Amino acid sequence: MLQGVYIAYRKDNTPYYRSSIHYNGKHVSLGSFDTEEKAHEAYEEASRIYKSKDITIDNFSSKEFLLSDDKIVTIINHRDNKIYIKTPIYLRQGYFSYFLTRNKELKFSNDDLFYYSSHRILTRKGHLYVNDFGMQYNILSRFGIKNYAVLGNDYTFANGDKNDYRYANVIVVNKYHGVHKITYKNKEQHQVKIHFNGDYLIGRYDSEEEAAIAYNKAVDYARDKGIKKNYIDNYVPDMASDEYKRIYDSIKLPKKYTDYIDELSK
């Protein structure tokens with residue numbers, strides 16, 4: 001058997017060939033191949049990358065490899081940073097890069113390194129997500145950004161780079177259901193609207209927490225009248241229950257809205 005290659009068998013007893021390499025005390029699997037020669041070629045390719053720094057994280061995308069792009073990134077990171085990470089992560093100074101493809105580099109804060117070293121980022125219809133405990137989670141949820149959020153309206157990137165997910169770069173503009181930050185009469189306010197065959201304005205508030213509670217009260221009013229719509233309540237963290245109740249009780253819903261719900265519930 002050629003170096004770095006061992007044979008394995010499928011359930012129907014047909015053979016295939018696996019390739020692996022040892023580097024810096026780590027056994028690194030390189031993948032499965034149909035022929036012994038291809039598996040050995042993968043071993044030789046990995047060995048060449050480990051031994052020579054001609055192939056770098058910044059130029060590998062311009063070259064062709066037998067190994068997968070993910071494996072190339074893990075090998076280069078292992079070589080350069082002496083840490084083996086199974087997902088396509090490269091450690092940089094003060095942050096890390098996750099290579100979604102060879103030409104698409106996502107940037108993350110080091111606070112997220114543990115999570116993404118054990119969770120692979122996938123893409124579907126332009127959305128980035130991970131599988132976690134059998135559920136699919138949009139990576140924006142780690143910033144408190146809702147699935148329905150719109151770029152440029154509900155969140156934005158400080159430096160304009162849509163691939164830079166470092167915490168300092170992701171700016172959450174609107175984090176609550178039904179709440180949008182606006183400028184009204186030269187003053188920054190948080191406007192609340194709820195949708196019932198059209199948008200109904202609930203009010204404008206100085207704080208987004210008060211606006212979020214106003215939205216909840218509008219939803220509660222509709223529910224109490226027997227309106228069955230799948231509205232999601234806002235969760236307001238770090239607010240004591242008595243303070244929440246005080247604000248909730250102080251909010252007056254507009255008569256136009258309550259009259260509409262009263263009529264709808266008849």
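**Ground rules**

I number residues from 1 along each chain as its sequence is written. Since this is a predicted model, local features need pLDDT of at least 70 and side-chain atom pairs count only at pLDDT 80 or more, while totals for chains, interfaces and linings use all residues; side-chain values use heavy atoms, with hydrogens and water left out.

**Entry: the sheet**

I looked up an open sheet of three strands, in the order β4-β5-β6, with antiparallel pairing. Strands (E, at least two residues) and helices (H or I, at least four) are DSSP runs, numbered from the N terminus. Two strands pair if DSSP finds at least two bridges between them.

I then checked β5 (residues 95–101), which is joined to β6 by six bridges. Y95 stands opposite S109 in β6.

Helix α2 (residues 69–81) packs on this sheet and touches β4 and β5. Contact means heavy atoms within 4.5 Å. The direction of α2 makes about 30° with that of β4. For such angles, axes are lines fitted to C-alpha atoms (for helices over the stretch in contact), and the angles run from 0 to 180 degrees between N-to-C directions.

**Entry: ring pairs**

Rings of Phe, Tyr and Trp (its six-membered ring) pair if their centres lie within 6.5 Å; planes under 30 degrees apart are stacked, over 60 edge-to-face, the rest tilted. I got 18 aromatic pairs by this rule.

Y23 and Y50 are stacked, 3.9 Å centre to centre with 15° between the planes. Y23 is in strand β2 (residues 15–23) and Y50 in helix α1 (residues 36–51), 27 residues apart.

Are these two buried or exposed? Y50 is buried at 6% relative accessibility, while Y23 is partly exposed at 22%. Buried means under 20% relative accessible area, exposed over 50%, partly exposed in between (1.4 Å probe, protein chains only).

F196 and Y231 have ring centres 5.4 Å apart and planes at 55°, so I noted this pair as tilted. F196 and Y231 are both buried.

**Entry: charges over rings**

A charge sits over a ring if NZ of Lys or CZ of Arg is within 6 Å of the ring centre and within 35 degrees of the ring normal. R142 has its charged end over the ring of Y115, 4.0 Å from the centre. R166 lies over the face of Y95, at 4.4 Å from the ring centre.
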